[in-house]
Structure formats: C-alpha cells, structure tokens
Amino acid sequence: MEWVRIGASADFTGRPHPVAVDGVALVVLRPAPGAAPVAFADRCPHRLVPLSAGSFEHGVLRCPYHGWEFDASGRCLVVPSNGPEAKVPPRADLPPGPPLREADGSVWVDRAAVTPPGPLDLLSNVDPGLLRAWHPVALLEELPTTARLLGREWSLSTVDGVVRADPAPYAVGVRWGLVWLAPLEPRTGLFDDPDAEDAAYAGAWLPPSRTGVSAGVVADNFLDVAHFPFVHAATFGAGEERVVGPYDVTERPDGCRSVQVQWFDNPGDPGVAAGLRPVRQRRRATYVHRAPFQLMLRLEELDAGAVKTILFFAQPESAGSTRIYTKMLLHGIGGVADPSPDVVAAEVAFEEAVLAEDLALQARMTVPGLPLRPRDELHVRADRLGVALRRSLIPYRTLS
Ligand code: FES
Ligand SMILES: [Fe+2]
C-alpha cells in the first residue's frame, strides 16, 4: 500500500468531492457526518459523466444527467427511465474504488489501488473519417468569416452571390440560411425538412453557441429522451415523465428516425386557461438524425394543435470545441396560426434557456469524444436513439 494525502478531513463534507490521483479522477463521499469517506472512479457507468457533478443526499449519490442513484457501497438503486420497479442491471453498480484512510485530520488514498480507466473507442471532433460529410460552418449572415472544422480552417466569402470556401473543399452549399461544407465527397446528403419550406411556419435562429464536448456527444444529448426531468428541471423538465416507455427507432445506414407519443404539462395553452383541456396533454415527438450531426425534433401538441420544429446542427471545430446552430420553426403557438414576432422571440429565449442547461451539464463532461463501442457505456431501454446514433457514426471513425 502507498498512502497519499488527498485533502483535509474538513474538505470531505456531504457533497460529492472530486479528487485527481496521478491523473485518475475519483469522487469521494462521506456517507454521513463522522462516517468514513469512500471513493469511486468519478464516472457514471451510463454515459461516463463525472458523478462529482451530481448530488449526494441521505446517503444517495445521484448522477446529474439521468438521475441514476447509487448507495455509498456503489450499488445502483434505481435507473429512473426504466421505472422504480424495474430490476437494475448489475453492470450499473460502481466498481469498488481504492481504499481510503482518515487519520490526524487528513484523508489518504492507497495510490497502488488507483487504477486508470481502460481505453475508450471514441469518435473525436478531428477524426479524418469526418472529412467525408456535410458540416455546418457559419450562418450565411456571418460571411465573410473564417470557419474552423475538424481542426482546420476555411475562409468563407460571398462572390457575386455565390458562397466560396478557401482552400477549395469538395463542395460548399447553403441550406436553411446556414453555410455547409463537405471537405471530401460526403457519404450522405442533407436531410429534408418540410416545415422549413412551409410558409405557415415562422422561423428564427438562436445565436450560435459553443461547447467543449464533441459533436457526437452534442448529438447524443439532443436525441436523449431520459434527461429532461434532471437537466431541464428549471425550464420544462419538472412536468416530464421520468419513465421512458418502449419506443421504435427506424434505422437507415445514414441515420435514424423515431416517433414517440409523450405526456407533458402545457400551462401555456390558452385552452387550459379557458377550461377546455387539462394541463396534462399528449405530444408527438418525431426525432430525425442524419449522419454525422444533422438533427431535427418535431413536437406536435396533439390536443392544443401547436407545432414546434427544432433544427439542430453541430460543427466539429477542433478537438475541444463544437459550435451549435439551432433553428426554431413555429406554427399555431398559443392557438394563433402565425406566431407574432413577440411569440417567436419568447420561444427563442426559452429554447436558449433550455440549451444553456445542456451546455452547463456538458461543461462538466470530460470524455473527449463519443464512445462507439457498446461495452464502453451501459445502454438501457431509453437509449435506443443513442445506440442508433452510435451505429450510424461507425463509418466515420478512422480505426487507429
Ligand atoms: S445517469 Fe449518469 S450519465 Fe446517465
Ligand atoms: Fe437537453
């Protein structure tokens, strides 16, 4: 045994406490005041999010992303999306961490027992396989500009109304007010979006944002249907179902599509205020993914009649940077067919608040890419879209 000091006893309070030993991230918990602290690898078995970003209350450690709960021995108590009665898969338990010792007001860890996590098979933002795809690089209104993509730079300009990129890529194009660039011949095209071409829809872009996680992780977050009650509790998530029922995913080699009917609270529906409908309503959510990082979510309120389509595109700029473009397409919001500019502005502001919640979670993530090998994570029933995403991205991964 080789004991190394990791902090003063007083540092280890009721909160999950992150510690790094020889570059290995650990989370340290003190199960109760005066109880001996315990340590685990700082990584949720589900999506590898640091558990130190979660909460620890009444002896229960809860992951911030999908709310999986663990006791102080590492046993997983519940996977909320599977339901409270469902059996928890054994692989959901946290492997035992290194022994700790508390003496003379300090906490020590046995360094010899600190094992680095095994290597992951990741799709990073600079994988050369991603050269063979369409990527968003700027809003048309941002030109002229310099765009970063896959760790390289392109100058973008408009010459006689035509968008040009330098150095010359395989192709450059404009769609939905966004400039797209394919460095090499793309494996697949841009997807269709009928709502974007429909005059009955009012459209507006959110200001582009940036995140430090990879475009694959951004796409996975967008397709994830189980994180709403935990990540989005302050915006729309509090009224969302925790249990995700079985749903179908139609897979194609270059992407997937899924239609799900969900229950949600709709306090903004004027029909609720007028007593015509209950606040608990049904919504049809259609997810569309086209590889590598084109995404769409169409939300149809089946009782109130409003439709909200979100186009969502990720630009893998460099190893540690992804730019995100989000466009809202709105119809029938608040019972009015054509949303007024005020309504559009309010919807955009709301969507920005929702995105900020995802970005705050992503800021805590540490894995530099999207794991593509099934055994590197633990997929559950709610993750069918994420599994389909990973499968469609395998051709973009250059095996090293
Ligand atoms: S519950 Fe931890 S990442 Fe999903
Ligand atoms: Fe989210």
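**Entry 1: a buried tyrosine**

I started with Tyr287, which is buried, at a relative accessible area of 2%. A reminder to myself: this is a predicted model. The cut-off I need is that buried means under 20% relative accessible area, so Tyr287 passes.

What does Tyr287 pair with? I found Phe222, and the two form an aromatic pair.

**Entry 2: the overall picture**

I stepped back and looked at the whole protein. I noted 6 helices and 26 strands. The C-alpha trace spans about 75 × 60 × 35 Å along its principal axes.

Then I checked the radius of gyration. A compact globule of 400 residues would come out near 21 Å, and the protein has 23 Å, which agrees.

How much of the protein is buried? I wrote down 54% of the 400 residues. I also looked at contacts between residues at least 6 apart in sequence, and 60% of these join residues at least 24 apart.

On charges, I listed 39 positive and 48 negative side chains, and the centres of the two sets lie 5 Å apart.

**Entry 3: a covered helix**

Next I picked helix α2, residues 215-223. Is it mostly covered or mostly open? It's mostly covered, since 9 of its 9 residues are buried. Among them are Ala215, Asp220, Asn221 and Leu223.

**Entry 4: ring pairs**

I went looking for aromatic pairs and found 8 in the structure. The rings of Trp176 and Phe313 have centres 5.1 Å apart and planes at 20°, so I put that pair down as stacked. Trp176 sits in the loop between β16 (171-175) and β17 (178-182), while Phe313 is in strand β24 (residues 307-318), so the pair ties together parts 137 residues apart in sequence. Both Trp176 and Phe313 are buried.

Then I went back to Phe222 and Tyr287. Their pair is edge-to-face, with 6.4 Å centre to centre and 80° between the planes. Phe222 belongs to helix α2 and Tyr287 to strand β22, so I noted a link between distant parts of the chain, 65 residues apart.

Which residues do ring pairs link into a cluster? I wrote down Trp176, Trp180, Phe191 and Phe313.

Most residues other than glycine have a negative phi, and most peptide bonds are trans.

Where are the cis peptide bonds I noted? One runs from Leu143 to Pro144, with omega near 0°. Pro144 is in the loop between β12 (135-139) and β13 (145-149). Another runs from Ala291 to Pro292, with omega near -5°. I located Pro292 in the loop between β22 (280-290) and β23 (294-301).

For phi, I marked His58, which isn't a glycine but has a positive value of about 50°. His58 lies in the loop between β5 (55-57) and β6 (60-62). Is it buried or exposed? At 80% relative accessibility, His58 counts as exposed.

Asp160 also has a positive phi of about 50° without being a glycine. I found Asp160 in the loop between β14 (152-159) and β15 (162-166). Its relative accessible area is 78%, so Asp160 goes down as exposed.

Methods
Residues numbered from 1 in each chain as written. Chains lettered and ligands numbered in written order. Predicted model: local features only at pLDDT ≥ 70, side-chain atom pairs only at ≥ 80, totals over all residues. Heavy atoms only, no water. Helix = DSSP H or I, 4+ residues; strand = E, 2+ residues; numbered from the N terminus. Rg over C-alpha atoms; globule rule 2.2 N^0.38 Å. Buried < 20%, exposed > 50% of the residue type's maximum accessible area, 1.4 Å probe, protein only. Contact = heavy atoms within 4.5 Å. Lys, Arg positive; Asp, Glu negative; His and termini not counted. Charge placed at Lys NZ, Arg CZ, Asp CG, Glu CD. Phe/Tyr/Trp six-rings, centres within 6.5 Å; stacked < 30°, edge-to-face > 60°.
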